[in-house]
Amino acid sequence: MSQKTYALLLAAMICSAAVAKEEKSRWSWTDIGIAAAGGVVAVAVAPVALGAAGFTSAGIAAGSLAAQMMSSAAIANGGGVALGGVVAALQSAGTGIAVYKTAAAGAAATYAAKKYLEGDE
């Protein structure tokens, strides 16, 4: 299956789990819609933002913010970029590999922001 299919399945599972337990939790259809919209926006915006920062599908662009981050990470780690570190994760997302992770992170961040702004921590 493609990554888009996995992302859609993940979103469907989150929505169905939230609705099934609506009586015990405080999820509503509005919350689910807002979280889903955040996931869609994150998937649409992340490649543009990461590409502008220098995290491209061809690798890290020379002279970019991404190159500066990679250099700093390499110096801090004694010459190599840490596996699973911030730079590695952003590069992975910049190549489009982590579409479902981007969607999940966007949905979670949007929902958390909504709850914070409502004062419902």
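**Questions about a predicted helical model**

Me: Of the contacts in the protein with a separation of 6 or more, what share comes from residues 24 or more positions apart?

Reply: A contact means heavy atoms within 4.5 Å. Taking the contacts with a separation of 6 or more, the share held by residues 24 or more positions apart is 55%.

Me: What pLDDT does the protein average?

Reply: This is a predicted model, in which local features need pLDDT of at least 70, side-chain atom pairs count only at pLDDT 80 or more, and totals for chains, interfaces and linings use all residues. Residues are numbered from 1 along each chain as its sequence is written, and side-chain values use heavy atoms, with hydrogens and water left out. The pLDDT is the predictor's confidence in each residue, from 0 to 100. Here 70% of the residues score at least 70, and the average is 75.

Me: In what order do the elements run from the N terminus on?

Reply: Helices (H or I, at least four residues) and strands (E, at least two) are DSSP runs, numbered from the N terminus. The protein has five helices and two strands. Read from the N terminus, their order is α-α-β-β-α-α-α.

Me: Which helix has the lowest confidence?

Reply: Where pLDDT is low, the predicted coordinates should not be read in detail. Confidence is highest in H3, with a mean of 92. At the other end of the scale, with a mean of 59, is helix H1 (residues 3-20).

Me: Which residue with a positive phi follows H2?

Reply: Buried residues (under 20% relative accessible area; exposed is over 50%, partly exposed in between; 1.4 Å probe, protein chains only) include Ala46, Leu50 and Ala53 in H2. After this helix comes a residue with phi near 110°, namely glycine 54.

Me: Is valine 87 buried or exposed?

Reply: Valine 87 sits in helix H4. Beyond four places in sequence, valine 87 touches Phe55, Ile60, Met69, Met70, Ala73 and Val81. Because its relative accessibility is 8%, valine 87 counts as buried.

Me: Which residues does serine 64 touch, not counting residues up to four places away in sequence?

Reply: Serine 64 belongs to the loop between strand S2 (59-60) and H3. With 12% relative accessibility, serine 64 counts as buried. Leaving out residues up to four places away, serine 64 touches Ala53 and Gly54.

Me: What distance separates the C-alpha atoms of alanine 104 and alanine 42?

Reply: Alanine 104 is in helix H5 (residues 99-118). At 31% relative accessibility, alanine 104 counts as partly exposed. Alanine 42 is 62 residues away along the chain, yet the two C-alpha atoms are separated by 8.8 Å.
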